[in-house]
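Please review the briefing below alongside the sequence and the model.

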Amino acid sequence: MQAQTQPWQGKFEPIDHMIAPPNSYRTASGAPGKAYWQQRADYNIKVTLDETNNTISGNETITYYNNSPDDLNYLWIQLEQNVNKKGNQDFGGISNDLKDGITARNMQFLTRAIDFPAGYSIKYIKDNSGNSLKFLINNTMMKVLLNTPLKSGSSLTFSIGWSYTITDRSMFKLSREGYEYFPSDDNTVYLIAHWFPRMAVYNDTEGWQNQQFQRLGEFALEFGDYEVEITVPEDHIVASTGTLQNAEDVLSKTQRDRLEKARQSFDQPILIVTEEEAKANEKTKTKKQKTWRFKAKNVRDFAFASSRKFIWDAQAVKLPTNTVMAMSFYPKEGMPVWQEESTKAIKHALEVYSEATFDYPYPVCISVNTSNIGMEFPMISFNGGRPKNGQMTKNAKAGMIGTIIHEVGHNWFPMIVSSDERKWMWMDEGLNTFLHQRTVAERYPDFSSTTPKSIVPFMSGDKNILRPIMTTSDNELLSQFGSNFYRKPTVGLQMLRNSIVGKELFDAAFKEYANRWKYKHPNPGDLFRTLEDATATDLDWFFRGWFFTTDYVDMELSNVTWFKVYEAEQNIENRKQNIQLKPENQDTRVATQDFSDGPEVIKMSATPDDAYGGFLSRLDEEAVRQQLLGKNLYEVNIKNVGGLVMPVTIEWTYTDGSTEIDRLPADIWRRNEYEVKHTFVKDKEVKTVTLDPNFEFADTNTDNNSFPKSESQSVFDRFKNNQ
Ligand SMILES: [Zn+2]
C-alpha cells in the first residue's frame with residue numbers, strides 16, 4: 001500500500017531476544033518468580049580509626065547464607081580499596097590525557113609522582129572453628145577457598161582481619177571516600193566507605209558478580225543485618241548507617257536531650273552540636289578514644305563519617321508508615337547554607353520518593369558535607385557543595401541541593417531496589433535522576449531541572465562517540481556517562497510518563513516495579529517487562545529505540561495539504577466564480593509551500609453499487625457529504641529523519657489566532673518507519689502547523705518542524721553559527 005524507499009527495520013518488533021528470557025526466577029511479567037532466590041550476608045564488625053596515621057583496621061565476622069540451588073566451592077569478596085594500590089588503580093583509564101600544559105594536580109592524578117600507601121592488608125581469614133581459610137587476591141577481588149563446599153541451603157560464618165591506609169580524597173578524580181584535611185585548624189573529616197571486605201553478589205543472572213572495580217561501575221551487594229562498633233578519638237562525632245545503640249556512652253546529656261527534642265520537631269531542624277561547640281571541639285585534639293555502636297537491619301552496605309569538626313542538626317520527617325530522623329553533619333566551612341538547606345532537602349526527597357515508590361523504611365537519613373561530588377550509601381550520603389566566604393551563587397546552591405536530593409534518593413535506587421551497578425549504571429542513576437528531577441521540579445520550582453529538551457545536544461552528538469544506554473558501566477566514557485546513564489534514561493521516563501503512557505498509569509507501573517524489586521536484584525528486562533505489564537502498553541518500540549540504539553528524534557513536517565469538500569459535484573462549476581480554486585491538473589501536492597493557493601477540492605463521487613460487495617444496505621452518502629461540507633481537511637505528511645519512532649504532537653494555529661494540539665501515538669509508524677500521512681478535519685482554517693511544539697520528544701532539529709516552512713537557516717548558516 002505505501003511505498004517505502006528504505007528497508008524495514010522492525011522498530012516495533014518485540015525485544016524478547018534482546019533481554020534475558022523469563023524463567024522460574026524472573027517471570028515474563030517482570031516480577032520475581034516463584035523460585036527467585038537471593039544470598040544474604042550478615043556482618044559483625046569492630047573497627048578502629050587511627051587519626052595519627054590515617055589508617056583503619058578491623059575485624060569482621062560474616063555469616064553468609066547460601067540460598068542458591070548451587071553448592072559453592074569458594075566465595076568471592078570485594079576488596080574495593082585495592083583499586084587505589086599503585087599498579088592496580090585506574091586500569092579502565094579514567095585519566096590518561098598527557099598534555100604539554102598540565103596542572104600539577106592533574107599530573108599527580110596521571111603519574112602518582114607523590115606515591116602513597118593504599119589497598120588492603122589482609123591479616124587472616126578463619127572459619128568458625130578458628131581454622132585458616134586460604135585466599136587468593138586478584139586486584140579488587142578476593143577468592144576464599146572453602147575446605148568443604150558450602151551446600152545449597154546452608155550458611156557459613158567466617159572472620160577476616162584487615163587494615164588499610166585511608167587515602168587523601170584530593171588525590172583522586174572520582175573520590176567517593178577517604179579523608180579531607182583542613183590546614184587552617186589542623187583537623188580531618190573522615191568519610192569511610194567501601195571500607196570492609198564485602199561479599200560479592202552470587203545470583204541467577206551472573207553467578208558470581210566478580211567483575212573488577214574500575215571506579216565507574218559501582219557496586220553489586222547482598223542484603224544483611226549489621227552490628228558495627230566504631231572506635232574513634234573521643235572528641236569525634238560519628239555519623240553512620242544504622243541506629244546508635246549507646247548514646248549514653250558517646251553523647252553528652254545536652255546532646256541527648258537535644259536529640260530527643262529533634263524527634264518531636266517536624267517543621268525545623270534542632271542543633272545537636274552547634275557551630276560554637278564544633279569550633280571548640282576543633283581545638284581539643286584528644287588522644288583518648290571511644291566506641292560508637294550501631295545496628296542496621298536489611299541494608300546492602302554500611303558507611304560512616306567521623307570528625308571533631310562536625311556541626312550536627314536533626315529533625316523528624318513523618319511518612320505514612322515511618323517517622324525518619326533527617327540529619328546533617330557539616331564542618332563550619334559549610335555554614336551557613338548547610339544549616340539552612342541540607343536537612344530541608346533530605347525532607348523533600350524523603351517525601352517525594354516515598355510517595356512515588358514506597359515509604360523510606362529506615363530510621364535515619366543523613367547528609368554529610370564534603371568538598372566535591374556526591375556519594376550514596378544506605379541511610380547516609382556524602383554531598384559536595386560549600387559556600388565561599390559564606391556566599392553561594394544561586395546555581396551553586398541549586399547544585400548542592402540537587403546533589404543532596406539525588407544522593408538521598410539513591411536509598412531507593414540502588415540501596416533498596418538493588419540493581420547491579422557494576423553492570424548497568426543507568427538502572428540506578430537513571431531511575432534515581434528521574435525522581436530527583438521530579439523532586440526539584442515539584443519542591444524547588446525556580447531551579448532548572450532536566451526536561452526532554454536538555455538531552456538534545458547529547459543526542460545530536462558525534463555518532464562515533466555515542467553509546468546506547470544499554471552499555472555496561474565501565475565501557476562508557478567519563479565525558480559521556482552523565483548524559484547517557486543519568487539524563488537520557490531520565491528523559492525517557494519523563495516521555496513515558498508525560499507523553500506516552502500518561503501520568504496515572506505510568507506512576508502506578510513505576511511504583512509496581514519499585515515494590516516488586518525492593519530488597520531484590522532486578523535486571524533491565526524486569527523493568528521493561530513490568531512497565532508494559534502494569535500499563536497494557538506495548539513499549540518494546542520505545543525500549544528498543546531509546547535504550548538499545550543511539551538513534552535520535554528528528555521529525556520533518558514535509559508537507560501539509562489543505563482540502564475542502566463542496567456540495568455535489570455538479571455544483572462545483574457554478575461555485576468556481578465565488579471560491580478560489582487551483583487550476584486543474586496541476587500537481588500542487590508537491591509544490592505547495594504554504595496555504596496561500598487555497599484548498600484543493602475533493603471530488604467526492606457516489607459509490608458504485610458493486611463497491612458495496614454483498615451488502616444490500618447503503619450508507620447515507622449525502623449525510624457524509626453534509627457532515628464534511630465547508631470543513632477543512634488537512635493531510636499532514638511527516639518524515640522520520642532521526643530514526644527514532646515517537647508519538648507525533650501537532651500544534652495548529654488558526655487564522656483567528658487560536659491554537660489546538662492533536663496527538664498521534666507512535667504506532668502510526670508501524671507500517672512505514674520513514675514517512676507517514678494523517679488527515680485531520682478542522683472547522684477553522686489553519687495558518688501554521690508545528691510539530692513537537694513543547695519539546696516533549698527531544699526533536700534534535702526544529703528547523704523542519706513547521707509549515708509553512710519557516711525561514712530556516714541554510715546548512716551553511718547553521719554550520720557558521722555552530723562555530
Ligand atoms: Zn547517583
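The points below cover model confidence, a sheet and a metal site.

This is a predicted model, in which local features need pLDDT of at least 70, side-chain atom pairs count only at pLDDT 80 or more, and totals for chains, interfaces and linings use all residues. Residues are numbered from 1 along each chain as its sequence is written, and side-chain values use heavy atoms, with hydrogens and water left out.

**Confidence**
- The protein has a mean pLDDT of 92 (the predictor's confidence in each residue, from 0 to 100), and 93% of its residues reach 70 or more.

**Sheet**
- An open sheet of mixed pairing is formed by 6 strands in the order S16-S19-S20-S21-S23-S22 (strands are DSSP runs of E, at least two residues, numbered from the N terminus; two strands pair if DSSP finds at least two bridges between them).
- Strands S16 (270-273) and S22 (374-377) are at the edges with a single partner strand each, so one side of each is left without a neighbour in the sheet.
- S16 pairs with S19 (residues 311-319) in the antiparallel sense over 3 bridges; valine 273 has tryptophan 312 in S19 as its bridge partner.

**Zinc site**
- The zinc ion has as protein donors His406 (NE2), His410 (NE2), Glu429 (OE) and Glu429 (OE), at 1.9 to 2.7 Å (donors are N, O and S atoms within 2.8 Å of the metal, or 3.2 Å for Na, K and Ca; water is not among the atoms, so sites may look incomplete).
- The donor residues follow the spacing H-x3-H-x18-E in sequence.
- Histidine 410 is buried at a relative accessible area of 0%, and glutamate 429 is buried at 2% (buried means under 20% relative accessible area, exposed over 50%, partly exposed in between, with a 1.4 Å probe and protein chains only).

How values were computed: Helix = DSSP H or I, 4+ residues; strand = E, 2+ residues; numbered from the N terminus.
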